[in-house]
Each structure stands twice: as C-alpha cells, then as structure tokens.
Amino acid sequence: MLFNMRFYLMRDIFLEQLSHAVRTIPNFPIDGVLFRDITPILTDHKMLTQTIDTIALDMMNLDWYPDIIVGPEARGFIFGPLLSTKLGKGFVPIRKPGKLPSSTLKIDYELEYGSNSLEIHDDAILPGQKVVIIDDLLATGGTIAACIELCKQLNAEIIGVIFIIELEGLGARKLLSSVPLHSLLKFPA
C-alpha cells in the first residue's frame, strides 16, 4: 500500500514536470492552432527516460502486456522503439507510402489539416499478436484510427493505444471508442 501511494505521488510530480516541459506554440502549423511541442522532452535524456519508464509502469497497471509495439511515422518512431527496448519487445513501424521496401497494406485517412496515407508491411504482425500502439499526440484521432485499421487487417489484437499528450475536445475519444486509450498528459485543444 505504501509503495502504491509513493509511486502515484512520484508519478504525479513527474507528470507535472513533463507538462511544464511541453512547449506551446500558437498559430502553428496554421492560424488558430496551439501546437504542443515535445522537443524539450526529447532533449532532456532524464525526462525522456522517465517518460518511457512511466509509460511502461502505466501499461503494467493497466494490464497491457503486448507481444509487439506499433508506432506511426514520425514521432511514434521516437517513443515506440524506446518502449520496445524497455519491454523487451519488437517494434513495427507504420510509414507514409513508398517508404517500406516489402509488400504492404495501405490505408487513406483524414487529418486535422488534410488527408494522408499510411502503410504497414503485410507480414509485420502475426495473427493474434497483442499490440500496443504508441504516438506522441492524440488530436482528432485520424492517424491512430488508420493504424488501428491496419493492425486489424493483419488480425492483431489491439490491447491499447498510448499517447504522451491528448488534446481534449476534438472528438478523438469517441472516434476511437473501440479500443482502450491512455494518455500521460491532457491539454485543451
């Protein structure tokens, strides 16, 4: 019991520090958007390590024990391999079209600023493998919905999706209601 109280107190203190490290940039990439920049987290190796440690502990507390970690281009490529290494699991990249050298599955989807496409190697995930998808930011949910669909096409079991930052009020939770979601930080959109 004492360990749990100490863990949550230390976690809350760290998340407060993490929140302050996120830089807010108004009107980027378009007018009216408050961009949440994670670069300060990435440049501080202790904060980056503690972020991955916190994610791993949160996943354990959520009973998320994946066989493999999946991350979309580009910032899912930062956090995904770090988490994979921490957990002793493999990493599967989901990339923009034309970036993967072997046979792929492709999906088109809508973004908050337009549309895009993603691809995954068609043999990257074995049927029934338990998957956790990680990305830096949840906004409207389009990118992650596309990642979920690609994983489902490979018959993966998506046990959860985790984010460093969630922007509230953009409808992503409703869009992604079929899978468990977890975010370290939440900011208003």
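## Cysteines of helix α5

In this predicted model, the sulfur of Cys151 has its closest cysteine sulfur in Cys147, and at 6.7 Å that is too far for a bond. A disulfide here is a pair of cysteine sulfur atoms within 2.5 Å, and by this rule the count comes to 0. As a reminder, a disulfide is a covalent bond between the sulfur atoms of two cysteines.

Are Cys147 and Cys151 buried or exposed? Cys147 counts as buried because its relative accessibility is 0%, and Cys151 is buried at 0% as well. Buried means under 20% relative accessible area, exposed over 50%, and partly exposed in between (1.4 Å probe, protein chains only).

## The helix around them

Helix α5 covers residues 142-153, 12 residues in total, and reaches 17 Å from its first C-alpha to its last, close to the expected 16 Å. That expectation is 1.5 Å times one less than the number of residues. Helices (H or I, at least four residues) and strands (E, at least two) are DSSP runs, numbered from the N terminus.

Other buried residues of α5 include Gly142, Ile144, Ile148 and Leu150. After α5 comes Asn155, with a positive phi near 60 degrees.

## His121 in strand β6

Now to His121, which lies in strand β6 (residues 114-121). His121 counts as buried because its relative accessibility is 19%. Beyond neighbours within four places in sequence, its contacts (heavy atoms within 4.5 Å) are Leu100, Pro101, Ser102, Ser103, Thr104 and Leu154. Pro101 is 20 residues from His121 in sequence, with 8.4 Å between their C-alpha atoms.

## Reading the values

Residues are numbered from 1 along each chain as its sequence is written, and side-chain values use heavy atoms, leaving out hydrogens and water. In this predicted model, local features need pLDDT of at least 70 and side-chain atom pairs count only at pLDDT 80 or more, while totals for chains, interfaces and linings use all residues.
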